[in-house]
Amino acid sequence: MSGPLSPATIEELRQLDSCAVANAIETFGVRLRNEGFTDGRIRCLFGDMRPAVGFAVTATVRTSTPPAVGHEYMDRTDWWNYVLTVPAPRIVVVQDVDERPGLGAFVGEVHGNVLAALGCVACVTNGSVRDLPAVRKAGLQMFAGSVSPSHAFAHVVGCGKPVEIAGLTIATGDLLFGDAHGLVTVPADIASQLPSVTAAMRQRERRVIELCQSPDFSIERLRDLVQDLDS
């Protein structure tokens, strides 16, 4: 599990966006470029909210079939105790392991407010969510595969084991960055370096963009600039 980051570092990260974060991580060579981010099977539901940065708290749920005992998440209040074992800020990551994931929503108005009270800043699931206006009001960002009006038989199956959401394997304690573009796992040992790396990359990108928007644009000028930036 990753150690806690300082509030200042978390705030600096929240000034970035997931595209810049993904680009910056590539420069460290810590993983392949086709790893470490979610694909289009989930989407950010509140794209205008500030980025969510936090440590993953993983769980698995089922929603389309009844639990062996009880009826809903309230029958597994031990899950809430587990959430608090992970450093804040927290991002709940829930894999619906049913053959038909997303039939029912695990997080809605009530559970969204519970999670917000437990120091969670976002919920991520391959399944569905509901009560969007109320959850947004609670300040909880949501990334989901779908939306459903019903919780159906939503219940916790287990917690703490690695899960897979939209092609991304996530373990409890992983540092996550999420915004309108999706989610990225951030290696905690380089997290504090990302703001300065992204600032340098943006300077380079800005020079290209300014040339493209200039009346003096030409392919020759663009080619020279790109070669100069790569040297």
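In which helix is leucine 222 found? Please start there and then carry on into the rest of the protein.

Reply: Happy to. One thing to keep in mind is that this is a predicted model. Leucine 222 is found in helix H7, which spans residues 219–230. Its relative accessibility is 23%, so leucine 222 counts as partly exposed, given that buried means under 20%. Leaving aside neighbours within four places in sequence, leucine 222 is in contact with Val208, Leu211, Cys212 and Phe217. For a sense of distance, take valine 110, which is 112 residues from leucine 222 along the chain: the C-alpha atoms of the two are separated by 54 Å. The box filled by the C-alpha atoms of the protein, taken along the principal axes, is roughly 70 × 35 × 30 Å.

The protein has 231 residues, of which 44% count as buried, and its secondary structure comes to seven helices and 13 strands. Among contacts with a separation of 6 or more, 78% are between residues 24 or more positions apart. The accessible surface comes to about 11,600 Å², and carbon and sulfur atoms account for 52% of that.

S3 is joined to S2 by seven bridges, and the two run parallel; here threonine 60 has glutamine 95 of S3 as its bridge partner. S3 also pairs with S5, again in the parallel sense, over five bridges, and valine 92 stands opposite cysteine 123 in S5.

From S5 (residues 120–125) the pairing goes on to S7: three bridges join these two strands, which run parallel. Valine 124 stands opposite phenylalanine 143 in S7. S7 (residues 141–144) is covered on both faces, with Gln141 and Phe143 buried on one side and Met142 and Ala144 buried on the other. S7 is also joined to S1 (residues 43–44) by two bridges, and this pair runs antiparallel. There, alanine 144 in S7 is the bridge partner of arginine 43.

A separate open sheet has three strands in the order S4-S6-S8, with parallel pairing. S4 (105–107) and S8 (146–147) stand at the edges with a single partner strand each, so one side of each is left without a neighbour in the sheet. Two bridges join S6 (residues 128–129) to S8, and serine 128 stands opposite serine 146 in S8.

At 1% relative accessibility, threonine 63 counts as buried. Not counting residues up to four places away in sequence, threonine 63 touches Asp96, Asp98, Gly102, Leu103, Gly104, His151, Ala152, Phe153 and Ala154. With glycine 104 there is a polar approach too: the backbone nitrogen of glycine 104 lies 3.3 Å from a polar atom of the threonine 63 side chain.

Now the cysteines. The structure holds zero disulfides. Cysteine 120 has its nearest cysteine sulfur, that of cysteine 123, 8.5 Å away, and cysteine 120 is buried, with a relative accessible area of 5%. For cysteine 159, the nearest cysteine sulfur is that of cysteine 120, 13 Å away. Cysteine 159 counts as partly exposed, at 29% relative accessibility.

Let me finish with another helix, H2 (residues 18–26). Ser18, Ala20, Val21, Ala24 and Ile25 are buried there. These residues cover an arc of only 160 degrees around the axis, which puts them on the same side of H2. Their cover includes strand S12 (175–179), strand S13 (182–186) and helix H6 (194–212). At the start of H2, a side-chain oxygen of aspartate 17 reaches to within 3.0 Å of the backbone nitrogen of cysteine 19.

Definitions and conventions:
Residues are numbered from 1 along each chain as its sequence is written. This is a predicted model: local features need pLDDT of at least 70, side-chain atom pairs count only at pLDDT 80 or more; totals for chains, interfaces and linings use all residues. Side-chain values use heavy atoms; hydrogens and water are left out. Buried means under 20% relative accessible area, exposed over 50%, partly exposed in between (1.4 Å probe, protein chains only). Helices (H or I, at least four residues) and strands (E, at least two) are DSSP runs, numbered from the N terminus. The arc is that of the directions from the helix axis to the C-beta atoms. Contact means heavy atoms within 4.5 Å. A polar contact is a pair of N or O atoms within 3.5 Å; within protein, one must be able to donate a hydrogen and the other to accept it, and residues adjacent in sequence count only if both atoms are side-chain atoms. Two strands pair if DSSP finds at least two bridges between them. Accessible areas come from the Shrake-Rupley method with a 1.4 Å probe; for residues, only the protein chains shown count as cover. A disulfide is a pair of cysteine sulfur atoms within 2.5 Å.
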